[in-house]
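Let us take a walk through a protein model together, one step at a time. Have the sequence and the 3D view ready, and look up each residue as we reach it.

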Amino acid sequence: MKPFSARKTNKNTIRPMPRPGRALAAYLATDKEFRGIGPALASRLEAQYGHDLHHAMLAKDQGIIQILGEEVAEISFAAYDYKVHELDVVDWLQSQKVDVDVGVPIALRIARCWGGEATQALKDNPYVLLAFLPWDVVDRVAQRLGVAEQDQRRAVAAVEATLYEHLDTNSTLVSLKDAKNGLMRRFGKLPRNVSIEEIIANMIEGGAAARLGADIQPYGAAIMEADLASWITKASNLEAFTDLSMPRDDRVYERIEAFAAQSPHPLTEKQRDAIHTGVTARLSVLAGYAGSGKTTCLRGVCDVATDQGRELHLMALSGRATQRMMEATGHPARTIAAFLSNVRNGAFKPAPGSVIIIDEASMLDLPTLWRIHRILGEASLMLVGDPAQLPPIGFGLTFHVLCKASAVKVTTLDKVLRQSEESGIPTVAEAVRHGRIPDLPSGAKIEQGVSFDVCEPEHAIQRIHLAFKQLVASGYSRDEIQILSPIKAGPAGSDAINSSFHHMKREQTGAHLFPGRDDIAEDDPIMWTRNDWSRGLTNGSLGRLQTVFDGLAHATIDGNPFDLTASDAECLAPAYSFSVHKAQGSQWPAVIIPIFPSKVLDRTLLYTALTRAEKRVVFIGDRSAFEHAITSTPSVENRKTGLLQRLKEN
């Protein structure tokens with residue numbers, strides 16, 4: 001083969017930059033550790049060495065130095081030695097001609113999981129790839145690597161894929177019947193003289209699954225649930241940590257009464273109980289429906305714990321929820337991700353006796369609560385949430401299970417205090433919560449309460465505009481009205497709503513666009529979508545773009561002024577409408593909710609959406625979809641998990 005520099009090209013022809021065609025060269029071209037090797041040099045290495053590139057790099061072949069130059073070659077050889085386990089996997093997959101199916105990112109994850117044993121693990125059982133890739137891809141790769149159709153490894157993997165399939169629907173528990181159905185669907189028929197029970201026994205022996213009664217679980221989920229159940233059982237029987245430097249406080253009730261005397265609203269007995277439990281128990285749960293006074297209890301726990309000299313850590317999953325916690329309590333709050341990251345990096349760890357409070361805890365999935373409990377030490381944990389609201393996006397159930405666990409100290413606030421009875425929202429919310437269809441008037445002209453405007457999907461945008469105008473005409477400011485869409489796509493999804501309102505605004509005003517965006521302009525409502533603690537901005541913060549001039553945009557976000565540039569474009573989203581999930585933990589005087597059939601529409605979503613409003617709710621759309629969502633079993637009840645069973649066994 002002629003040297004790269006000797007190849008002749010037509011000087012009038014513009015040729016595209018050469019790019020590597022195989023995984024190993026592509027990895028060298030893109031990994032930041034191999035500074036100086038881009039697509040062109042990686043392609044030259046691939047052309048020169050072909051399948052022998054891996055061995056040439058390990059041997060530090062002189063020809064590589066000639067292609068890369070001494071400085072780049074020296075850096076690359078050092079990086080290659082450092083990353084040899086990763087590169088072994090990439091090279092082996094390439095040699096077996098399955099590198100395209102697996103992909104470099106997955107190959108690297110495999111190498112980081114198994115280290116120097118990664119290649120041998122793939123040789124022994126290619127179905128270990130199921131932890132990273134879907135069944136059809138893994139099965140195709142395994143058969144290319146020589147696994148026979150009736151190989152027992154394939155049968156075990158078919159059941160394991162069924163467990164992962166259920167995990168993707170957020171269930172951590174699979175019945176024997178479902179496991180067998182999944183096996184037959186993927187495998188066709190069982191190997192000779194092998195039963196489903198034997199296959200599951202092999203899975204358990206090999207660490208791919210665990211038994212729970214007559215059911216089976218993915219091993220990782222089973223370990224998390226068992227670990228959590230053990231800790232919950234132990235913590236439920238412990239009082240808050242005390243030592244000589246923090247003597248037991250016999251005046252907790254006096255401190256609660258002092259807080260009550262300063263509260264703008266009288267405390268109920270259940271609120272007093274919640275505050276007392278929050279500061280005296282190692283683990284406590286505060287469950288309350290929307291507007292029932294959970295935030296007042298949260299302030300009370302903070303007030304009493306601070307008076308005791310205890311360290312406080314307030315957190316929630318979303319940045320907007322942490323912002324609301326800070327506003328409500330006057331104490332710093334952070335996202336759970338930031339808290340875990342700080343602990344993991346050694347920035348701090350919870351002191352013995354400190355109080356950790358997690359708001360909107362109904363959104364906690366199994367892995368998140370498992371990670372939190374592992375770093376608690378002698379700290380107390382209080383979970384605050386609404387069991388009728390949306391369940392976690394990730395797998396498992398935690399808060400909902402703890403609300404039912406007899407051993408856990410749970411205080412339930414069932415009297416709604418926030419929304420006035422005159423609005424009618426509490427009555428409608430209670431009906432929805434219990435699966436009863438409420439009697440709602442039509443139209444958007446009434447001043448308070450809940451109404452339903454029936455229309456077809458193609459007319460939804462027009463009716464949403466009309467409802468918005470009528471609400472403004474009745475005295476609501478535009479910032480007091482929020483549109484919450486259950487879905488993003490479709491004729492009544494948040495994308496279509498945001499686009500329609502944005503384009504109407506620009507047609508009317510000729511507003512200047514935000515630098516680098518064609519969907520956000522002056523006077524548009526905006527949402528900040530990342531946590532930027534240096535500027536005090538959190539994911540989910542809401543505001544409005546004020547002006548744009550000469551590449552500089554002035555915006556108000558969470559009531560504070562900010563100067564933004566094109567570098568901030570990817571951190572913004574239009575906010576005329578957004579999802580109900582993003583609205584969780586927030587409230588507005590009035591909300592508009594388009595309702596049409598979708599997979600995500602259920603009782604918990606409707607309840608969460610309508611309780612975001614203080615005075616006025618306008619549903620727009622398909623009334624039969626609305627009623628079906630209310631009367632059908634909510635999705636949270638279809639999750640099969642093992643945490644409650646493990647708690648009962650403990």
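Start with how the chain touches itself. Of the contacts in the chain with a separation of 6 or more, 69% come from residues 24 or more positions apart; contact here means heavy atoms within 4.5 Å. Please keep in mind that this is a predicted model, where local features need pLDDT of at least 70 and side-chain atom pairs count only at pLDDT 80 or more, while totals for chains, interfaces and linings use all residues. Residues are numbered from 1 along each chain as its sequence is written, and side-chain values use heavy atoms, with hydrogens and water left out.

Now for the overall picture. The C-alpha trace spans about 85 × 65 × 55 Å along its principal axes. The chain has 28 helices and 18 strands; these are DSSP runs (helices H or I, at least four residues; strands E, at least two), numbered from the N terminus. Of the 650 residues, 53% count as buried, where buried means under 20% relative accessible area, exposed over 50% and partly exposed in between, with a 1.4 Å probe and protein chains only.

Next, find the open sheet. Its 6 strands follow the order β5-β4-β6-β7-β3-β8, with parallel pairing; two strands pair if DSSP finds at least two bridges between them. At the edges sit β5 (333–335) and β8 (409–413), each pairing on one side only. On average, neighbouring strands of this sheet are turned by 20 degrees against each other, direction ignored. Zoom in on β4 (residues 312–316) and β6 (residues 355–358): 4 bridges join these parallel strands, and His 313 has Ile 356 as its bridge partner in β6. Helix α19 (residues 336–344) packs on the sheet, touching β4, β5 and β6, and its direction makes about 90 degrees with that of β5. For such angles, axes are lines fitted to C-alpha atoms, for helices over the stretch in contact, and the angles run from 0 to 180 degrees between N-to-C directions.

After α10 comes Gly 146, with a positive phi near 100 degrees.

Finally, turn to the aromatic rings. The structure holds 11 aromatic pairs: rings of Phe, Tyr and Trp (its six-membered ring) pair if their centres lie within 6.5 Å, and planes under 30 degrees apart count as stacked, over 60 as edge-to-face and the rest as tilted. Phe 452 and Phe 619 are stacked, at 6.0 Å centre to centre with 20 degrees between the planes. This pair links distant parts of the chain, since Phe 452 is in strand β9 (residues 449–454) and Phe 619 in strand β18 (residues 613–621), 167 residues apart. Both Phe 452 and Phe 619 are buried. Phe 452 also forms an edge-to-face pair with Phe 626, at 5.2 Å centre to centre and 65 degrees between the planes. Why does Phe 626 count as buried? Because its relative accessible area is 1%. Elsewhere, Tyr 27, Phe 34 and Tyr 80 form one aromatic cluster.
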